[in-house]
Amino acid sequence: MSQSSQPGAEPSKRAQDFAAVRDWPGYFRAVLGKGPRETLLAALDAFEREGKPPADAVDLACGEGRDSLELLRRGWRVHALDGSAEGLAHLVPRVLPEWRPRLRAEVATFDQMRWAKRGPVRLVNCSFSLPFCEPRHFDTVWERIVDSIEPGGRFAGQLFGDRDTWAAIPDRSHHAEPQARALLAPFEVEMFKVEEKDDADAFGVAKHWHVYHIVARKR
Ligand SMILES: C[S@@+](CC[C@H](N)C(=O)[O-])C[C@H]1O[C@@H](n2cnc3c(N)ncnc32)[C@H](O)[C@@H]1O
C-alpha cells in the first residue's frame with residue numbers, strides 16, 4: 001500500500017516519489033539497506049562464469065551505494081560517483097576497513113564525471129541513474145561509458161523508455177526501444193528486459209513505468 005491508513009495523515013512516500021522530484025536525500029533514506037540490483041548481479045555472475053576476476057568497476061550515480069557495497073564485497077576496485085554528497089555519506093561508513101583501499105568515492109554531476117584515468121575498466125554500472133542525466137549531456141556521457149569499457153567488459157543498468165510517465169519531464173533522458181538498442185551497438189546484449197507496468201505514487205497519481213534492464217558485453 002502506498003497510502004497511509006491513518007485518516008488525515010500524510011501518505012507514506014516510496015523511493016519513486018522522492019525520485020520523481022529529485023529529492024535524493026529522501027530517496028536514499030527510503031532505499032537504505034536494500035540489496036544490490038539484479039542487473040549488477042547478472043553482470044557479476046557472467047564474469048564469474050567466464051572465470052574473469054574482479055578488476056576496476058565504476059558505479060555511476062551510485063546513490064547510497066547498494067551496488068558499490070556488493071562490488072567491494074566481491075573484491076572489485078570501485079570508483080563510485082554521485083552528484084549528491086548525501087549518497088556517499090551513506091555509503092562510506094558501511095565500507096568495511098579492509099575494503100576501504102579499493103574504494104574511491106567522488107561527488108560529481110554527470111557532466112563533471114571522469115573515470116578510467118588509469119585505463120579501461122571491466123564494468124560500468126549505472127543502476128537507475130542514466131534517466132536522471134540531463135538530455136544535453138547524455139550523448140557525451142554515453143560515449144564516455146562505451147569508450148571506457150575494456151573489450152569483454154560489461155555495462156549493467158537501466159535506461160528508461162519513451163512511454164514512461166517521467167519521459168515528459170524536460171530534464172530526463174528517455175529512449176524509445178530502437179534508440180536504446182542502437183546505443184548498445186558496440187555490445188553483445190546479454191539482457192534487455194522490458195518492464196512496462198501501471199503504478200501510482202503515494203498520492204494515488206498514476207505512474208506508468210517503461211524501463212529497460214540491461215546487461216551488455218563490450219565487443
Ligand atoms: C534513482 S537514484 C539511483 C541510485 C543508485 N544507483 C541505485 O541503484 O539506487 C539516481 C541517482 O542519480 C543521482 N543523480 C541525479 N542527477 C544527477 C546528476 N545530474 N549528476 C550526478 N548524479 C545525479 C542521484 O543523486 C541519485 O543517487
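In this predicted model, the ligand sits in the largest pocket. About 1,000 Å³ of space lies in that pocket. Its lining is made up of 46 residues, and those closest to the centre of the pocket are Tyr 27, Arg 37, Ser 127, Phe 128 and Phe 132.

Several helices and strands take part in the lining of the largest pocket. At least two residues each come from the helices α1 (15-20), α2, α3 (38-50) and α4 (66-73), and also from the strands β5 (149-161), β7 (187-200) and β8 (206-218). Helix α2 gives the most, with five residues. By class, the lining holds 20 nonpolar, eleven polar and 15 charged residues.

The ligand itself is surrounded by 20 residues, of which Arg 37, Ala 61, Asp 82, Phe 110 and Ser 127 are the closest. Arg 37 and Ser 127 also belong to the residues closest to the centre of the largest pocket. Helix α2, which spans residues 24-31, supplies the largest share of this shell, namely three residues. The shell consists of ten nonpolar, five polar and five charged residues.

| Residue | Part of the residue | Atom of the ligand | Distance |
|---|---|---|---|
| Phe 110 | backbone N or O atom | nitrogen | 3.0 Å |
| Gly 83 | polar backbone atom | nitrogen | 3.1 Å |
| Glu 134 | N or O atom in the side chain | nitrogen | 3.3 Å |

On its own, the ligand has 580 Å² of accessible area, and the protein covers 96% of that area.

How much space lies in the second largest pocket? The volume there is about 250 Å³. This pocket is lined by 16 residues, and Asp 56, His 79, Arg 104, Ala 116 and Arg 118 are the closest to its centre. The strands β1 (56-60), β2 (77-82) and β3 (103-107) each supply at least two residues of the lining. Divided by class, the lining of the second largest pocket has eight nonpolar, two polar and six charged residues.

To return to the ligand: its place is in the largest pocket, with helix α2 giving the most residues both to the lining of that pocket and to the shell around the ligand.

Terms used
Residues are numbered from 1 along each chain as its sequence is written. This is a predicted model: local features need pLDDT of at least 70, side-chain atom pairs count only at pLDDT 80 or more; totals for chains, interfaces and linings use all residues. Side-chain values use heavy atoms; hydrogens and water are left out. A residue is near a molecule or strand if one of its heavy atoms lies within 4 Å of it. A polar contact is a pair of N or O atoms within 3.5 Å; within protein, one must be able to donate a hydrogen and the other to accept it, and residues adjacent in sequence count only if both atoms are side-chain atoms. Accessible areas come from the Shrake-Rupley method with a 1.4 Å probe; for residues, only the protein chains shown count as cover. On a 1 Å grid over the protein atoms alone, a cavity is a set of points where a 1.4 Å probe fits but cannot get out, and a pocket is an open set with protein on both sides within 12 Å along at least five of seven lines; lining residues have an atom within 4 Å of a point. A molecule sits in a cavity or pocket if more than half of its atoms lie within 2 Å of its grid points. Helices (H or I, at least four residues) and strands (E, at least two) are DSSP runs, numbered from the N terminus. Ala, Val, Leu, Ile, Met, Phe, Trp, Tyr, Cys and Pro count as nonpolar, Asp, Glu, Lys and Arg as charged, and the others, Gly among them, as polar. Grid points are joined across faces, edges and corners, and a volume is the space filled by probe spheres set on the points.
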